[in-house]
Amino acid sequence: MEKLLIIILNAVLISTVMCLADRVNNHIHISVKRSFCMHCGHILYWYDLIPILSAFLTHARCRYCHDTYGMHYAYFELVGMIVGTYLFSDTLAWISAYLLLFLALEDWHTKRIHADILIPYIIYLFIQSWGDPKILTACVVMIISLFLVYHRQAMGSGDIPVLLLITLTTSSQIFPLTLLVASISAVLYLVKHHVHRLPFVPFLYFGWLSMTLIEKIVTPLAL
Ligand SMILES: [Zn+2]
């Protein structure tokens, strides 16, 4: 029963995060209470909003104007629910996963992020990690990031809080691997799509999530 509640909680949370990101990316204020179809504007009822199930039952089409909103929502929610449930026992990784997902979606669509929402969480992580060598790593990351942002203009200022969060939620072995995975996947994307600039937060999120999951799967096997 407890497991079922955790699964439902994560299904609702992933759906909520995607809805919030959609609203922010489409310049719709998040205080608009009722969800509605982005195409026809019809108010959506509770049975239109059941995470994963509603999209499968309606073949990812609006029930009122029949415009398609894409099956990727359902697959995204399904994967997010499984990952969220898996990470639930590790509170910091769980919270970080949702925060980084929201910012990755925002960066992907608008190339800008509300990175300031991370500040209270980063302060908490700094206090919680005080005395740990990762504080030194975080300071080095911050100095290098400030140089890259303000002297070289090689990355956006919003990337700094994201990098600090990643530094403070990964071990000293996993952090460089996270950056490596993020950088390799970003370079592959640049080459494949023939572009010169890209939003980096989605790739940082991909690197962080994949390495966090691999660490959690591999560590018990190595014991
Ligand atoms: Zn519609």
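Me: Which residues of helix 8 are buried?
Reply: In this predicted model, the buried residues of helix 8 are Ile174, Phe175, Thr178, Ala182, Ser185 and Ala186.

Me: How do you know that they lie on the same side of helix 8?
Reply: By the arc around the axis. They cover only 105°, which puts them on the same side of helix 8.

Me: What is exposed on the other side of helix 8?
Reply: Leu188 and Val191 are exposed there. Exposed means over 50% relative accessible area.

Me: Which helices do the buried residues of helix 8 pack against?
Reply: Three are listed: helix 6 (133-150), helix 7 (159-168) and helix 9 (201-222). Contact here requires heavy atoms within 4.5 Å.

Me: How do you know that the span of helix 8 agrees with its number of residues?
Reply: Take 1.5 Å a residue. The 20 residues, 174-193, should then span 28 Å. The end C-alpha atoms are 28 Å apart, so the two values agree.

Me: What makes Cys37, Cys40, Cys62 and Cys65 donors of the zinc ion?
Reply: Their SG atoms coordinate the zinc ion at 2.3 Å. The cut-off for a donor is 2.8 Å. The four SG atoms therefore count as donors.

Me: Why is the site of the zinc ion called tetrahedral?
Reply: The angles among its four donor atoms are 103 to 117°. Four donors count as tetrahedral if all angles lie between 85 and 135 degrees. The site therefore qualifies.

Me: What spacing do the donors follow along the chain?
Reply: The spacing is C-x2-C-x21-C-x2-C. Within it, Cys40 and Cys62 link distant parts of the chain, 22 residues apart. Cys40 sits in the loop between helix 1 (2-25) and helix 2 (53-57). Cys62 sits in the loop between helix 2 and helix 3 (72-87).

Me: Why is Cys62 called buried?
Reply: Its relative accessibility is 5%. Buried means under 20%, so Cys62 counts as buried.

Me: Why is Cys40 called partly exposed?
Reply: Its relative accessible area is 38%. That lies between the 20% and 50% cut-offs, so Cys40 is partly exposed.

Me: Which residues does the UniProt annotation "transmembrane region" cover?
Reply: The unreviewed entry gives several spans, including 121-150 and 203-222. Residues 121-150 are 87% helix and 0% strand, with end C-alpha atoms 24 Å apart. Residues 203-222 are 100% helix and 0% strand, and their end C-alpha atoms lie 28 Å apart.

Note on methods
Residues numbered from 1 in each chain as written. Predicted model: local features only at pLDDT ≥ 70, side-chain atom pairs only at ≥ 80, totals over all residues. Heavy atoms only, no water. Helix = DSSP H or I, 4+ residues; strand = E, 2+ residues; numbered from the N terminus. Expected span 1.5 Å × (residues − 1). Buried < 20%, exposed > 50% of the residue type's maximum accessible area, 1.4 Å probe, protein only. Arc of directions from axis to C-beta. UniProt positions renumbered as here; feature names shortened; annotations may be inferred. Donors = N, O, S within 2.8 Å, 3.2 Å for Na, K, Ca; no water. Tetrahedral: all angles 85-135°; square planar, octahedral: opposite > 155°, others 65-115°.
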